Each structure stands twice: as C-alpha cells, then as structure tokens.
Amino acid sequence: MAHSPSDDATFVPGQPDMWALVLFEAMLFTLYFGVYMVCRVLDPQLFLESQALLDPRWGVLNTLVMLTSSWSIARCVQSAREGSYNAALRDVFITFALGLVFVVLKVAEWASEIGQGLTFTTNEFFSFYYFLTAIHFIHLLVGFVVLGIVIYQLRGPARRSQEIVETGATYWHLVDFLWVMIFALVYLIR
Amino acid sequence: MLVWLGLSGISVLQLWLGSSGGAAVPVANAAITLSVLGMALVKVRFIMREFMEVRHAPALLCRLTDAWLLVTAISLFAIYLAGMAGTFG
C-alpha cells in the first residue's frame, strides 16, 4: 500500500490501529499531566524549588535528540515511499542511534540526580518526575522493537511494506511528542 | 529541514524562557508558564501535521488530533490559572 501525498486523495499514514493507540496514549498522558498540574498548583513552592534542582540543559539536549530522530524517521518514510530503500535503511538506523543517545543521556541524568539524593521518594515533585520520565522511557524502549521491525521489513525486498514503515514511524513520533510535553511541564514551567 | 530547524529553535527559546530570571528562590510566573506550554503545544502540532503527515490525512484524523491538543491546552491552562487564582485554596 504506497501512499503518495502528491495525490489529491487523503490517506491515513500507516495502520489505523496505530492511530487509535496514539490517540489513546495521548489522552492517557493528558490525564497524567492534568493530575501533575493539580498537585503542582496545590503546593507550588515545593514544585518550584524541587524543579530548580533539575538541570534543564539535560532536558533540552534530549529534546533536540528526539526531534532529530523524529525528522530522521520521517525522511525514512519518504525514502521508502520513493523506493530508495538504502536511504530509508540509513535513516532508520540514524533514528535508532539517536534513540540510544537519548537512553544514554537520560540514564546519565538519572544517575546524577540519584547521586545527589534526589529519588522517587524525595517528595511529590520527584515522584512525578521519575514516573513521567520512566513511563516515557518504557515507551522509548518499545520504540526500539518497532524500529527493529521496520529495519527487518526494509532489509528484505519480499517483505517490504510501506504501511508497516509508516506505522512504525507513527509510533516513534508519539514517543517524540510526549517528550516535548514532558520537557515543558517538568523542566520549564513556573 | 525547515520544520526541524523551527522545532529546535523553539526548544532553545523555551529553555531560555524557562531559565530566565535567575532568582535564587524560583517564583511562579504565569507568562513564562503559558508561553512555554503554548510553544510545546505548537511543536506537537507541527510534529503531527508535518512529520506524522496528518496534513495529508482525512479530515477526521486532523480533527481528532486537533481536539486532543485543544483538550490538553484547555485542561492544563485552566488548572494552572485556577491554581494561581487560589481556587484550590
């Protein structure tokens, strides 16, 4: 099933089931964010003072890594659509590598924070911080499996399916935009 | 390329805004909060429209993704502003 945006007809990128998952996950995270915000406004000073113990440069660095990985998987979809499978494979490997960079940065950041005595039980802010970043991290790990499926598909000429490539990319973008929200809510808002 | 540059630029701007002030004891700031959150939502919409190709998707998907953005924006802004106004005591 090859999709071409140049056609007049509209299309759903990837499998519709993946979009159902994306919308479900998005709503679930909106609930998490809402609960976080309610707790935050109930004790704003605790949240502000705790948030000041984080280094937002970790957050922005990981945001730039995630955005770049999202751009890369978007290019993979375009290349596969045009039949340039070597370029598509290169782009999905770049996405995978950037995902690994995110993992290394996030683990290093957690290690640094835990080393300062800032753990899940330190206070309510840090409970939310570790919960939100860890649940995002789990989604990212699932993303590696999804990228593995895309690589497997692209490597075998008989297996290639544009729909699977688009479905995998859609999942990876979900991981990206959830991080964009977490970055703003956990590191930056006042 | 342009979308990625724009998204990255907004992220750096968010960092600058979120780190501005430099007060030893951080204080609540509605302007910074609403700006930073608004920019995050704009970034998410760009990711959806451009990277996820919602721009080329049927109207239903466009509406559903925009509805999620709207619900998220209204919920977070309303809770934050209600908190600032002392609604939660």
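**From one residue to the whole assembly**

Mentor: Let's start with A:N62, which sits in helix 3 of chain A. Helices here are DSSP runs of H or I with at least four residues, strands are runs of E with at least two, and both are numbered from the N terminus. Bear in mind that this is a predicted model: local features need pLDDT of at least 70, side-chain atom pairs count only at pLDDT 80 or more, and totals for chains, interfaces and linings use all residues. Residues are numbered from 1 along each chain as its sequence is written, chains are lettered from A and ligands numbered from 1 in the order in which they are written, and side-chain values use heavy atoms, with hydrogens and water left out.

Trainee: Is A:N62 buried or exposed?
Mentor: A:N62 counts as buried, at 0% relative accessibility. The cut-offs are under 20% relative accessible area for buried, over 50% for exposed and partly exposed in between, with a 1.4 Å probe and protein chains only.

Trainee: And what is A:N62 in contact with?
Mentor: Skipping neighbours within four places in sequence, A:N62 contacts A:F102, A:L105, A:K106 and A:W179. Contact means heavy atoms within 4.5 Å.

Trainee: Zooming out, how many helices and strands has chain A?
Mentor: Six helices and zero strands. The C-alpha trace of chain A spans about 55 × 30 × 20 Å along its principal axes. Of its 190 residues, 57% count as buried.

Trainee: What share of the chain A contacts comes from residues 24 or more positions apart?
Mentor: They make up 78% of the contacts with a separation of 6 or more.

Trainee: Which residues touch the most other members of the largest nonpolar core?
Mentor: A:V92, A:Y129, A:L154 and A:F177, out of 90 residues in that core. A nonpolar core is a set of buried Ala, Val, Leu, Ile, Met, Phe, Trp, Tyr and Cys residues joined through side-chain atoms within 4.5 Å. Elements giving two or more residues to it include helix 6 (162-188) of chain A and helix 2 (30-51) of chain B. Helix 6 of chain A gives the largest share, 18 residues.

Trainee: What does A:F177 touch?
Mentor: Leaving out neighbours within four places in sequence, A:F177 is in contact with A:V22 and A:A26, plus B:V44, B:I47, B:M48, B:M52 and B:W68.

Trainee: How many residues of chain A are in contact with chain B overall?
Mentor: 47 residues of chain A, meeting 45 residues of chain B. The two chains bury about 4100 Å² between them, 78% of it on carbon and sulfur atoms. Buried area is the accessible area (1.4 Å probe) that two parts lose on being put together, summed over both. A:W71, A:M181 and A:R190 supply 19% of the area that chain A buries against chain B, more than any other three residues.

Trainee: Switching to the chain B loops, where is B:P26?
Mentor: B:P26 is in the loop between helix 1 and helix 2 of chain B. B:P26 is buried at 12% relative accessible area, and B:P26 touches A:Q45, A:L48, A:E49 and A:A52, not counting residues up to four places away in sequence.

Trainee: What about phi of B:E53?
Mentor: Phi of B:E53 is near 65 degrees, a positive value in a residue other than glycine. B:E53 lies in the loop between helix 2 and helix 3 of chain B and counts as buried at 6% relative accessibility.
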